[in-house]
Every structure is written in C-alpha cells, then in structure tokens.
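Me: Hello! I am new to this structure and would like to walk through it with you, one question at a time.

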Amino acid sequence: MRIGVFICHCGSNIAGTVDCASVASVASTYPDVAYATDIMYACAEPGQDAIIAAIKEHRLTGVVVASCTPRMHEPTFRKTVERAGLNRYMFEMANIREHVSWIGKDMEANTNKASELVRMAVSKLRLNRELKPKSFPVTKRLLVVGGGVAGIQAALDAADAGLEVLMVEKQPTIGGKMAKLDKTFPTVDCSSCILGPRMVDVAQHPNITLYAYSEVESISGYVGNFDVKIRKKAAYVDWSKCTGCGLCTEKCPSKKSYDRFNEGVGPTTAIIIPFPQAIPKKASIEREYCRQFNTGKCGVCAKVCPTGAINYEMQDEFIDAKVGGIVAATGYDLMDWTVYQEYGGGRYPDVVTSLQYERMLSASGPTGGHIKRPSDGEEPKDVVFIQCVGSRDVSIGRPYCSGFCCMYTAKQAILTKDHIPDSHSYVFYMDIRSPGKGYDEFTRRVQEEYQARYIRGRVSMVYPKGKKLIVRGADTLMGTQVEVEADLVVLAVGAEAAKGAPHLAEKLRISYDSYGFFMEGHPKLRPVETNTAGVFLAGACQGLKDIPSSVAQGSAAAAKALALLSRDMLDSDPQIAAVNVNRCVGCRKCIEVCPFKAIQEIDLRGQPKAEVIETVCQGCGLCNATCPQGAIQLSHFTDNQLLAEVEALCRF
Amino acid sequence: MSVLKEKELRVIGFLCNWCSYGGADTAGVGRFAQPTDLRIVRVPCSGRINPLFVLKALLGGADGVLVSGCHPRDCHYAEGNFYARRRLEVLKGFLPVLGIDPRRFEYTWVSASEGQRWQHVVTTFTANIHALGPASFSPEARELQILNAAAR
Ligand SMILES: Cc1cc2nc3c(=O)[nH]c(=O)nc-3n(C[C@H](O)[C@H](O)[C@H](O)COP(=O)(O)OP(=O)(O)OC[C@H]3O[C@@H](n4cnc5c(N)ncnc54)[C@H](O)[C@@H]3O)c2cc1C
Ligand code: SF4
Ligand code: SF4
C-alpha cells in the first residue's frame, strides 16, 4: 500500500500548538507511508487540489488527513480522494484539532500526541478495504411530529412540493402555543388571523393526513424506510361523525374541568372543543372530569349529539405507516414556576403566567379579551411584569435564556395599555434582549410611547397587602430598593423542552441536551439535521426561538426532507456487518442482539448460517462484539482494524 | 513512539462516534483544557467494543483504559450501550483475576453536548491513573502478555 499523509495547519488553529512539519516528518517513517507533508488548509480548494495532485503524482492508494474531527470533514475528504480515483473508504482521519491543539498548549506533548494519532490512523488504513454502497428504494412520505407553527410550516411546504405528509399532534388541535397567543411581536398583528388560515390549509391539503390527539408509539427502520406506529388516543367521540357543532359542550353538566387550552384561566366542560378555530374542530372527552366515567351516570352528551358520535367505549387505536423521513417539531412547555416561593409559589391568584395573560388578552379567550384579576374579576390598573422567572437562573439548573420573553413582555405591556388606557405597567428585567429585525425599536416604543416603566433588577418578594400585591425588588441601575403596589403580577416564565421530549428522542434515536432540547447535527452548519439520517428538526424543540425563526426552521426542515425524498433510490452505507460463512457456526447470537433485526438465518448446504440484510444493517457493530467465533465483522471497523489502532499505541 | 517520558502515561480511550466522541469534540470546540495522555479510538457504538480490546490494551502496556458511550436509553443504535455496560461490568470484575488493577479501567457515559463533563471525565481519570503510576504486571499477566504478543 502507498499511503499519503497530510498534516493540516488549519491556519494557526492547529499549527499554533502543534509542530505540523515535524509530525509530517515522523509520519513519513511509518510503514507504507510513501508521502507525508504539512498543508495550510486541507479542506480549502487549494488543499484538496494538493491532495489530489499528490495522489496522482505519488501513486497513492490510501490517504490520511490529520486535521479537525472526522465528524466535520470526513465526508469532504472522502469526496476528495474519490475525485482522484480512490475508493472513498481508503481514507482515514486523525483528529488533531478538537482532540489535541484546542485542548492544551504544550507544544511538545501536542506534537507527540498528534504523531501518535496519525500512527493509529495509518495502522488502521493499512487494513482498510474498498467498500461499495448498495442502493435501495425510498418511501416518499414524511412524518411531522408536532403541529405547532414550526410543524405546520414544514408540513405545508413539503405537501406543496408534492410529498405525502402525516402529521401527528398530541393535543386535540394543532396550532401549538401560537394558537394561544393574542397578538404577536414585533408587529402586534393578531396571532390567530395569521395562523388560522394555515391551520385550515393543513386540514384541507390533499397531501396531508392529520392525526390529532395522537402520539408516536414506536419507530423502527431507518432513513428512507421508517416504520411508525401511531397511537390515536380515544377521544370518546367518533370524529368521523362529529360535526363540531358544539352542542355537547353547551350541555355538559361537568363545568369545572381544567381548561388546558386556556391555561386554566376559567374552567371548562368535560367534553371540549379547545377553541372556536380548532383544527380539527372535533369534540373530545377529558376522562378525569367526565361524570359518565367517574360515576357511571350522565350520558348527557350522548343524548344531545345530533349525529350520535359519542362513544364511551372507545379504545385507543393504532395506525401503522411507512415514511421516508421525519420532522420533529414538538416545541416547548413552560417550566413549573411554583418552585419560586418569592413569587408566592402559586398561592396568590393574581400572580399569573405570561401564557395565562395571553389568554386573558385574547378576544376569543375565557374573559372575552377583558383583563380581569382572577381573584375578584376587577380590572387591574397597576400591572407588574417579572422577566426571567426560570431563565438564566443557575440556582434551579436553568442557565439558558428563553429567548422570547423580553419581546413578549414588551408586547404584553403595550397590549395592557391598549386594553386599559389608564393602566401602568412595570417591568422588572435583567437585560433587554432584542436583537431581531425591528425588535430593539419595539422594546424602545413600549417605554417611550407606552410609558411602561422598566426597572433593571431582580424581584426579591411578592406578598399580599389587602387587595393588592406588593412587589419588592432592587433597581440596580439606581442602586435603590423599589416597591410597587400591583393589582396583577405577570411572570415571564422560562420555557423548557416539551414534556416527553427525551422520550420521543429515544424513539427517534436522536440526541438531546441536558435540558431535553434535541441536538442538531452541527451547531452552525447542520442546524435542522440530526445525527440520525432522515430525522430533521424544526422550531423550539431544537432550542427556544420565536415564531419567525420557528417558521424559517420549519421551511428549512422541509427543504432537507424534500432533498432526501426527491430521490427514488438511496445509497446504503457500506460500513455494515458481513458474515464469514466458514467461521459462522449458526449459533444465532448475532440475530438475537441486533437491534434492527438486520440478520437472518439462512440455510447453506444444510448448515444454518447468519446473513446480514445489507440495507437494514445500521453498522453499530453489536453483533461483531457478540459473535463468539469472530465470524461477523463490521466493515471498516473490523476487530483487526481496531486492534491495529490499539497496537499502534502499545509498548509490548 | 510512545508517550512523553516522565510527563504522560499511556491512556487509551474507546469512544462511540455519536455521543462521547462528539462530547470530546464539543470540549475541544469550547477549548476545555485537558491532560494530553489520552489517545482515542473511535468506534460506532459502545456496543461495538469487545472487552478483549480493553484487555489487549491493558496487556499491551496501557496504564489506563477509558470507555465512554451514550447515556443509557440515549444510544444512537437504540440499545448498544446496554450490552456494553453488561460486558464491561463483567470485564471489570474479571481484571483482578488476571492480576490487573481494576482501577485502570473505567467506563462512563458522556453525550455529544457535554463538553464540560468530558473535560471532567478525562481530567479525573488521567489523574487517577497518575496516582496509580505506570502499570506493573503480575506473573499471571506477564504470561498472558507473552501469549498475546505471540498471537500477533
Ligand atoms: C407568553 C408567550 C408569548 C409569546 N409571544 C410571541 C410573539 O408575540 N411572537 C413570537 O414570535 N413568539 C412568541 N412566543 C414564542 C412562540 O410561542 C414560539 O416561538 C412558537 O410557539 C414555537 O413554535 P413551535 O411549533 O416550535 O412549538 P409549539 O408552539 O410549542 O408547538 C409544538 C406542538 O407540538 C405538540 N407536541 C409536543 N410534544 C409532542 C409529541 N410528543 N407528539 C406529538 N405532538 C407533540 C404540541 O402539542 C404543540 O402543538 C411567545 C411565547 C410565550 C410563552
Ligand atoms: S452491525 Fe450487526 S448488530 Fe448492528 S445493525 Fe448491523 S447486523 Fe445488526
Ligand atoms: S453470532 Fe457469529 S457464529 Fe453465531 S450466528 Fe452470528 S455470525 Fe454466526
């Protein structure tokens, strides 16, 4: 074998703490190395051209590039060597940036370590084999999980481009948080006026099948061909008969149910249609509040329903579907703010969350758009907004910024003035974060035009005094203590990943961070892809973001899904397991462990043998580590290849 | 070729590509300083790791071996890390029989987002190995070493 080694400087990123020329000169002494050099930027066009030229000039049959992480540029360099006529698997990388130059400044130790990492790569490359992908057909159907504004955008874009789309939404209606908002910053246009038509589009689009009040039960398979099982939860109303007339919700005698859509601002009935513009506009029974379920006596809704849609015996239903790609768009939820005793921990009715306040502002909300104190229904005159409740607070394990609270608080202060012209708003804030287009102007307007008083500082305590709430805090700009007598306190409660997000991530086999937000493939360059091929992200589930960004990411996810599913055939990754039938004793151990059921038993001249189904194998190598005979080997990561790397490091 | 005399010991890591290798990358991107001893072998999944690799490394003269994969339930391949945990736990119990100090082998879980945790894991493990000093071998291990070398 004739190996070429290229040690990248990455400008000064590597060369600053690694002597690249000396690594190259050490590398030239390794077995089979025919050529070694250092190079300024291996990934740039001149760098790639130099690699290609060297392959030709020195008749190289394998290449090692020592540079950044293979998770970044392995695909880049594989293409490079391919352009020079080599098989793309005759290539290895040594990570001397993320794992060497960036984590220490000791030039001598770094140079030595870099040389060793190159030695490992060369040792492995000597055992590499050419590998060729197989192609397999793609299911041209997309699953969108979550019907918030991000999921809606992804679904509509994909459906408009001709793709079949399944949307799974766990609530009885799509719309997500945006459907609960009154107006939206920074234009203060009506939320349901801009979202409503898009929700209708989802319902009416010939390419979209909506499964509301449903969840993903399980997912198996792989990119291009996922098998999903959808659980359609029992609504106790046959939606094929329900016309959404709402008679049942008028007559239901159980009037004290928690109103999830309205965030508990005012009660609702046990049978509900979440809100007038709900999509689908269908009724569902909340079992825990239903008299029929709790006492066995009632049946009012069944009696009044003109189409006989009520069915108390209904069971969850399962739907199996095959899809080629998946967009996760499960959004966020507000954290449980009652951990904050200083704000009353939930004991004072006139301390409400920002989302409850949106419902109070909304004309279609339970108060008909009149701001009323929950305690006595009176109109508040002094409203205090407290920002960063559960954001940027290390003490409760939430160091991150929720991103949209500064902006919506400004919006809510403006709307407060619009609703109650003689009211006063006070906003306690840590910093005002408003970097979007037209955003800073907006947070200025609320102070200058709407006279909201912004107080920079933390609130130390909220306590009742008569009918009022006393809000005590520091004004860190003035260096004084402030006390405001408030009629209503609105908490800008920090957001967190949607409930159950980690659970869904496990089903999708994607990663999530310690807060439950899904991990993108690369923080800068692959913001909507995940590390699981065929699974994409949109909206706040990937990291908190406002509506414009959620929509943009929804479109981006659709574009990525379309790029994938516009192909008829996909190339399978050839880094998969292969059985040496001479060694295989047919013990079935590999068949038992394979998480993807990618191995089957075959009969070879009367002998049972294992056989890998090439397009199903995902290349985890579990079977390889399990086989007692060493008969099944993961191509590109065989026992010998990995041991060669270990041996390159050993002294005995 | 070897580690820097007096300064470093031989520490070999087996890291799964999706979580821990990514975590080590994240640590690098964040410039979280770490000791230089560790050399990382990238494997697709912790379930790919045959305990024999660890054994070979230790018999081959590694002073410490660190395995790291995805957190339980968070495996890119669904369940590879469960198998890994079971196997590696058995291995840990078995090391003393071979005359190898089990403290020279550790396995842990680090996700791709946990750069800081990775820094902590590497720093602590390397410090532990330095506290143990260079590996010395019992007569049983010596014998195995000779067999191991002969098998190559
Ligand atoms: C009080 C408040 C006011 C705001 N005001 C504004 C504003 O004025 N302007 C602005 O730009 N932004 C505003 N925002 C931010 C805005 O709400 C978000 O940017 C937006 O809702 C994100 O959309 P999404 O689709 O990613 O998530 P979501 O709106 O959270 O939608 C996610 C959807 O997925 C569903 N889901 C969750 N888990 C699952 C699962 N496992 N299976 C199936 N479905 C699931 C949920 O039920 C939901 O329907 C505000 C936020 C708050 C809290
Ligand atoms: S490598 Fe082996 S265990 Fe893993 S998916 Fe392929 S056949 Fe199954
Ligand atoms: S585990 Fe190995 S020997 Fe047993 S059936 Fe699978 S490939 Fe054959």
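This is a predicted model: local features need pLDDT of at least 70, side-chain atom pairs count only at pLDDT 80 or more; totals for chains, interfaces and linings use all residues.

Me: Which residues of α3(A) are buried?

Reply: Helix α3 of chain A covers residues 70-83. With the cut-off of under 20% relative accessible area, the buried residues in α3(A) are P70(A), H73(A), E74(A), F77(A), R78(A), T80(A) and V81(A).

Me: What covers the buried residues of α3(A)?

Reply: Part of the cover is from chain A, including α2 (45-57), β3 (62-67) and β4 (91-95). Chain B also takes part in covering these residues, and the elements there include α1 (20-29) and β2 (38-43).

Me: How far does helix α6 of chain A reach from its first C-alpha to its last?

Reply: Helix α6 of chain A spans residues 149-160, so 12 residues at 1.5 Å a residue give an expected 16 Å. The reach in the model is close to that, at 16 Å.

Me: Is α6(A) largely enclosed or open?

Reply: Among its buried residues are V149(A), I152(A) and L156(A). They pack against β6 (141-145), β7 (164-168), α7 (191-204), β10 (208-211), β16 (325-328) and α15 (547-565) of chain A. Since 10 of the 12 residues of α6(A) are buried, the helix is largely enclosed by the rest of the structure.

Me: Which residue with a positive phi follows α6(A)?

Reply: The phi in question is near 105 degrees. The residue that follows α6(A) with this positive value is G162(A).

Me: In what order do the elements of chain B run?

Reply: Chain B holds five helices and four strands. Read from the N terminus on, their order is β-α-β-α-β-α-β-α-α.

Me: Why is chain B as compact as a globular protein of its length?

Reply: The globule rule gives 15 Å for 152 residues. Chain B is as compact as a globular protein of that length because its radius of gyration is close to this, at 15 Å.

Me: What share of the residues in chain B is buried?

Reply: Chain B exposes about 5900 Å², with carbon and sulfur atoms supplying 58% of that area. Of its 152 residues, the buried share is 62%.

Me: How many charged residues are in the shell around ligand 3?

Reply: The residues around ligand 3 include C584(A), R588(A), K589(A) and Q629(A). The shell divides into seven nonpolar and two polar residues, and the number of charged ones is two.

Terms used
Residues are numbered from 1 along each chain as its sequence is written. Chains are lettered from A and ligands numbered from 1 in the order in which they are written. Side-chain values use heavy atoms; hydrogens and water are left out. A residue is near a molecule or strand if one of its heavy atoms lies within 4 Å of it. Ala, Val, Leu, Ile, Met, Phe, Trp, Tyr, Cys and Pro count as nonpolar, Asp, Glu, Lys and Arg as charged, and the others, Gly among them, as polar. Helices (H or I, at least four residues) and strands (E, at least two) are DSSP runs, numbered from the N terminus. The radius of gyration is taken over C-alpha atoms; the globule rule is 2.2 Å times the number of residues to the power 0.38. Buried means under 20% relative accessible area, exposed over 50%, partly exposed in between (1.4 Å probe, protein chains only). Accessible areas come from the Shrake-Rupley method with a 1.4 Å probe; for residues, only the protein chains shown count as cover. Contact means heavy atoms within 4.5 Å.
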